[in-house]
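I opened the model and kept notes as I went. Each entry records what I looked up.

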Amino acid sequence: MPPPRTRGTALRQRLAELRGPEVPAKALDARALAALAANPGCRRRAILDGAGVNKTALASALGAPSAFGQSQFALTRGNAFEAKVKADGGAELLRLVHERLDPAAEPPVGATAPDLTAIGPEGRTARTALALREAVAGAWTLLDHPMLALDVAGSPAFLEPDAVVVHPDGSWTVVEIKSFPMLDGSADPSKVGAAARQAAVYVLALEEVAARLEPTPKVRHRVLLVCPKDFSNLPTASAVDVRKQRAVTARQLARLTRIEDIADSLPEGTCFAPDLPTADLTAAVESVPATYAPECLSACELAFHCRDRSRAAGAVTSLGRSVRAELGGLSTVEDVLSAARGESGDPADPAVAALRRAAELRAEALEAVCP
């Protein structure tokens, strides 16, 4: 007789059914996790990411392919730059960490780089935790592509930072290596912000590892961002404080609806396998509520599909979160226009009053131009 299924194994089985029995799971990385935390009200993204659904393939199957993601050229260039930074046992990387974050410590000569090889993400996570626990006090240790685990809405997400450095004082630093340049010591603020949000996810995961150790090591909230210098391929670095991003991400992740609750609310037989007929696949996707906003276009592969549906429904969220916040209880464009025309809405409602005043001003302006 097979052993009874626990709640955890039952959830994994349910998520595999949602993904499709023959469809391999797509790992939830820090980039996707940061985007998910930025829109915690989107149950659709939460369940798709939790089930490991390949949203790029899903968007194409729905007829709304997305241009979101990195090009193959950018990936190749990024991998080549990372290999250069980590050459010679990570000597240049450790030099930058010492120079930018811990100049008072002894220079990183003879640093150790433990082997983190193991079978499967769970094995690599355990091996990383062991390497962090066994880091020699008073010496530098470089963990190349460690594996960390973070609980996301009741489901584990396995994360792989570019590197984690253990300082001689026992503290831990996250290192992010990016291929966009630093020109005259500064980089594109939007790209730095995205890197900071991604690094904040790693900091949260590291804090969970540290919390299980005694004494608890310090996880530094200043991460090291390594980029090419100017227009060369030489590495340079900057310390980035991610305390704000860490606090926001932790708060948003705590607000996520638990994945098992979303899965339990779906109709029996729901499946997101990309090889299903388009009608069936569309019905499955539409069975999960989405919270679309224009920011999704730069963060989610399903953004074009959700935008089309949001526009078709006349939802004001398609105009942006700031507009939605100003409109109060008016949730559709038709409601807004009706209130502005004085056909509906409570005159005492500030949003309704503002709309009617705006409509009056518009009418006066048009009359002045075209009497």
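I looked up Asp151 and found it opposite Pro156 in β3. The model is predicted, so I noted its limits: local features need pLDDT of at least 70, side-chain atom pairs count only at pLDDT 80 or more, and totals for chains, interfaces and linings use all residues. Residues are numbered from 1 along each chain as its sequence is written, and side-chain values use heavy atoms, with hydrogens and water left out.

**Entry: the pair β2 and β3.** I found β2 (residues 148-152) antiparallel to β3, with 5 bridges. Two strands count as paired if DSSP finds at least two bridges between them. Strands here are DSSP runs (E, at least two residues), helices are runs of H or I with at least four residues, and both are numbered from the N terminus. β3 covers residues 155-159. Which residues of β3 are on its covered face? I listed Ser155, Ala157 and Leu159 there, while Pro156 and Phe158 are on the uncovered face. In a regular strand the side chains alternate between the two faces of the sheet.

**Entry: the open sheet.** I traced 5 strands in the order β1-β4-β5-β6-β7, with mixed pairing. β1 and β7 are the edge strands with a single partner each, so one side of each has no neighbour in the sheet. On average, neighbouring strands are turned by 25° against each other, direction ignored. Such angles run from 0 to 180 degrees between N-to-C directions, and the axes are lines fitted to C-alpha atoms, for helices over the stretch in contact. I then checked β6 and β7, which run antiparallel and are joined by 7 bridges. Leu225 has Ser238 in β7 as its bridge partner.

**Entry: helices on the sheet.** I saw that α7 packs on the sheet and touches β1, β4 and β5, with its direction at about 170° to that of β1. Contact means heavy atoms within 4.5 Å. α8 lies across β4, β5, β6 and β7 and runs at about 150° to β5.

**Entry: α7 itself.** The helix α7 (residues 120-133) has 14 residues and reaches 20 Å from its first C-alpha to its last, close to the expected 20 Å. The expected span is 1.5 Å times one less than the number of residues. Which residues of α7 are buried? I noted Thr125, Thr128, Ala129, Ala131 and Leu132. Buried means under 20% relative accessible area, exposed over 50%, and partly exposed in between (1.4 Å probe, protein chains only). Seen down the axis, the buried residues of α7 fall within an arc of 160°, so they line one face of the helix. The arc is taken from the directions from the helix axis to the C-beta atoms. Glu122 and Arg133 are exposed, on the face of α7 turned away from the buried side.

**Entry: cysteines.** How many disulfides are there? I counted 0 disulfides, a disulfide being a pair of cysteine sulfur atoms within 2.5 Å. For Cys42, the nearest cysteine sulfur is that of Cys306, 6.1 Å away. Cys42 is buried at 9% relative accessibility. For Cys296, the nearest cysteine sulfur is that of Cys300, 6.2 Å away; Cys296 is buried at 12%.

**Entry: backbone.** I found a cis peptide bond between Glu214 and Pro215, with omega about 0°. Pro215 is in the loop between α8 (189-211) and β6 (222-228). His145 is not a glycine, yet its phi is positive, about 50°. His145 is partly exposed at 24%.
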